[in-house]
Amino acid sequence: MEKKHIIRFLKERKRGVYTLMVEMYSDVATSMAVTMALEIIKEDLEKESGAIVELNYFSLAQAIAKYKKVKAISKSEATSRKWPFKDSHELKENETKPGSFKIN
């Protein structure tokens with residue numbers, strides 16, 4: 001996605017433009033505080049368009065929080081352990097069936 005499209009979507013107040021912006025500037029958004037990221041993104045977009053760009057702090061903060069949450073979930077899914085639930089014909093002879101136990 002190009003910056004001129006993001007600027008146009010901002011001016012038209014399209015829904016989801018802050019999400020696109022956070023994905024484009026993900027390294028800036030995740031590495032620093034929201035206010036600093038807001039200023040850096042705003043300066044970059046103003047340099048690209050040559051016009052004043054208005055960004056909403058709260059919308060950007062929500063988009064960054066959502067991006068970080070999705071990123072954390074995807075990272076934890078990659079490292080999560082899958083439990084091996086075997087069927088009765090896949091069990092070895094000395095293993096007990098699921099839901100049963102042995103009393104010594």
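Predicted model: local features only at pLDDT ≥ 70, side-chain atom pairs only at ≥ 80, totals over all residues.
Two packed helices are described by the angle between their axes and the distance between the axes. Helix 1 covers residues 3–12 and helix 2 covers residues 17–24; they pack at an angle of about 155°, with their axes 10 Å apart. Angles over 145 degrees count as roughly antiparallel, and helix 1 and helix 2 are therefore roughly antiparallel to each other. Their crossing is left-handed. On the side of helix 1 the contact is made by Lys3, Ile6, Phe9 and Leu10, and on the side of helix 2 by Val17, Tyr18, Leu20, Met21 and Met24. Sorted by class, this contact has 8 nonpolar residues, no polar ones and 1 charged residue.

Helix 1 also packs against helix 4, which runs over residues 34–49. Here the angle is about 100° and the axes are 10 Å apart. That makes helix 1 roughly perpendicular to helix 4, since angles of 65 to 115 degrees are counted that way. Lys3, Ile6, Ile7 and Leu10 in helix 1 meet Asp44, Leu45, Glu48 and Ser49 in helix 4. The residues of this contact divide into 4 nonpolar, 1 polar and 3 charged.

Rolling a probe the size of a water molecule over the atoms shows where empty space is left. The largest pocket has a volume of about 270 Å³. It is lined by 13 residues, of which Leu10, Lys11, Arg13, Tyr18 and Glu54 are the closest to its centre. Helix 1 and helix 2 each supply at least two residues of this lining, and helix 1 gives the most, with 3 residues. By class, the lining of the largest pocket has 7 nonpolar, 2 polar and 4 charged residues.

The second largest pocket has a volume of about 210 Å³. Its lining consists of Lys14, Arg15, Gly16, Val17, Tyr18, Thr19, Ser59, Gln62, Ala63 and Lys66. Helix 2 and helix 5 (57–79) are the elements that give two or more residues to this lining. Helix 5 gives the most, with 4 residues. The lining of the second largest pocket divides into 3 nonpolar, 4 polar and 3 charged residues. Tyr18 is one of the residues that line this pocket, and Tyr18 is also among the residues closest to the centre of the largest pocket.

Notes:
Residues numbered from 1 in each chain as written. Heavy atoms only, no water. Axes fitted to C-alpha atoms, helices over the stretch in contact; angles between N-to-C directions. Parallel < 35°, antiparallel > 145°, perpendicular 65-115°, else oblique. Contact = heavy atoms within 4.5 Å. Nonpolar A, V, L, I, M, F, W, Y, C, P; charged D, E, K, R; others polar. Left-handed = near helix turned anticlockwise from the far one by under 90°. 1 Å grid on protein atoms, 1.4 Å probe; cavity = no way out; pocket = protein on both sides within 12 Å on 5 of 7 lines; lining within 4 Å. Points joined across faces, edges and corners; volume = space filled by probe spheres on them.
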